[in-house]
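Here is a short briefing for a first look at this structure. Keep the view open as you read, and follow each topic in turn.

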Amino acid sequence: MNIVLNGQPVTTHAASLAELLAEQGYGTAKVATAVNGTLAPASMRHEQKIEDGDQIEIVAPMQGG
Amino acid sequence: MTIKFYDEEIASRFLIGTALYPSPAIMLEAIKASQAEIVTVSLRRESGTEQAGQNFWSFIKDSGAKVLPNTAGCKSVKEAVTTAHMAREIFETPWVKLEVIGEDDSLQPDVFGLVEAARILTEEGFQVFPYTTEDLVVADKLIAAGCEVLMPWGAPIGSGRGLNNIYGLRSLRAHFPDIPLIVDAGIGLPSHAAAAMELGYDAVLLNTAVAKAGDPVLMAKAFALAIESGLQCYTADPIEKRDMAAPSTPVAGLPFWNQDHA
């Protein structure tokens, strides 16, 4: 299945967002996630299915002004 | 003298950004020197292999500051709202510094999108700090949308130009005497920050002027002094300007006085 993760094309076998995070090496990192432009809450990552063509954003705290 | 932003009592009138410092250690020292209680932070794409954000987050936690997450770089209402949703989850705060950028060269707020995003987020329970212009009508609409704090720009972000429209900022202060007003962006020098406070602004938010200074820690201290000075000045009720001189030394009893002096 091909998705776009943080703007980059990625091929994944993950069925859920939680599996995708594990597969991509995020471990227990403090991140927030959005699927197709909408927040995917941390509490719902196991239920959040990944589908072909999904646009996924994984973000973390960063410097800001 | 504390100031209330939504339900939080804050002692420091200096809000400081966390970007552009030469190193995280200098950032932490500068935050400490600024005596700011609130620091702005952002969200950016995180790589699973590098995890740069995790390191940054540990530094911010060490600072002990309250975080004000921004939606910097967002150009649409949807982007800003989703970024705010992600920020609320990750930083566990209802606060958001709402930016909807309308123009790349000036980073001027898209005030139409800003008002719409502010309304959506307020209805969802966010406490919105909108990055806006000095426009009175926009300010009115932001307040109607539920904003209890306004953050007009001094000048374009990172420009260091100071207060571009003192008349407009003065008008905003006069029209909204009871709304906490923070000058956000464009400040270059401590004198600019002092001038904002002398106009009666409640606080100043800046980043580049400290972070890109030759000595960020010393500059943070200089800004802290200027902001405190401006606050005390406004509280002390400064004199009005006048066109003609008025002698400060008493005229009565002037030696050698005679009719020719009159």
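## A residue where two chains meet

Leaving out residues up to four places away in sequence, A:Asn6 touches A:Tyr26, A:Ile56, A:Glu57, A:Ile58, B:Arg45 and B:Glu46. The model is predicted. The points below start with A:Asn6 and then turn to chain B.

**A:Asn6**
- A:Asn6 sits in a loop of chain A, between strand E1 (2-5) and strand E2 (8-11).
- A:Asn6 has a relative accessible area of 11%. That is under 20%, so A:Asn6 counts as buried.
- The contacts of A:Asn6 include B:Arg45 and B:Glu46 of chain B.

**Chain B as a whole**
- Chain B has 9 helices and 12 strands.
- Its 262 residues include 51% that count as buried.
- Taken along the principal axes, the C-alpha atoms of chain B fill a box of roughly 85 × 40 × 35 Å.
- Take the contacts in chain B between residues at least 6 apart in sequence: 66% of them join residues at least 24 apart.

**Strand E4 of chain B and its partners**
- Strand E4 of chain B covers residues 38-45. It is mostly covered, with 6 of its 8 residues buried.
- One partner comes from chain A: strand E5 (residues 55-63) of chain A runs antiparallel to E4(B), and 5 bridges join them.
- Across that pairing, A:Gln63 has B:Val41 as its bridge partner.
- Strand E3 (residues 14-17) of chain B runs parallel to E4(B), joined by 3 bridges.
- Here B:Leu15 stands opposite B:Ile38.
- Strand E5 (residues 66-69) of chain B also runs parallel to E4(B), with 4 bridges between them.
- In this pairing B:Ile38 stands opposite B:Lys66.

**An open sheet of 3 strands**
- In chain B, an open sheet has the strand order E6-E9-E10, with parallel pairing.
- Strand E6 (95-98) and strand E10 (151-152) of chain B stand at the edges. Each has a single partner strand, so one side of each is left without a neighbour in the sheet.
- E6(B) pairs with strand E9 (residues 127-132) of chain B over 4 bridges, in the parallel sense.
- B:Leu98 has B:Pro130 in E9(B) as its bridge partner.

**Helices H7 and H9 of chain B**
- The axes of helix H7 (residues 190-198) of chain B and H9(B) come within 7 Å and cross at roughly 25 degrees. That makes H7(B) roughly parallel to H9(B).
- The crossing of H7(B) past H9(B) is right-handed.
- From H7(B), the residues that meet H9(B) are B:Pro190, B:Ala193, B:Ala194, B:Met197 and B:Glu198.
- On the H9(B) side, the residues met include B:Met219, B:Ala222, B:Phe223, B:Ala226 and B:Tyr234.

**Helices H3 and H4 of chain B**
- Helix H3 (residues 77-91) and helix H4 (residues 111-123) of chain B pack at an angle of about 35 degrees. Their axes are 9 Å apart.
- H3(B) passes H4(B) in a right-handed crossing.
- H3(B) brings B:Val77, B:Val81, B:Ala84 and B:His85 to the contact. They meet B:Gly113, B:Glu116, B:Ala117, B:Ile120 and B:Leu121 in H4(B).

**B:Glu240**
- Where is B:Glu240 placed? B:Glu240 lies in the segment after helix H9 (216-235) of chain B.
- Is B:Glu240 buried or exposed? Its relative accessible area is 68%. That is over 50%, so B:Glu240 counts as exposed.
- B:Glu240 and B:Leu163 are 77 residues apart along the chain, and their C-alpha atoms are separated by 20 Å.

Technical notes
Residues numbered from 1 in each chain as written. Chains lettered and ligands numbered in written order. Predicted model: local features only at pLDDT ≥ 70, side-chain atom pairs only at ≥ 80, totals over all residues. Heavy atoms only, no water. Helix = DSSP H or I, 4+ residues; strand = E, 2+ residues; numbered from the N terminus. Buried < 20%, exposed > 50% of the residue type's maximum accessible area, 1.4 Å probe, protein only. Contact = heavy atoms within 4.5 Å. Pairing = 2+ DSSP bridges. Axes fitted to C-alpha atoms, helices over the stretch in contact; angles between N-to-C directions. Parallel < 35°, antiparallel > 145°, perpendicular 65-115°, else oblique. Left-handed = near helix turned anticlockwise from the far one by under 90°.
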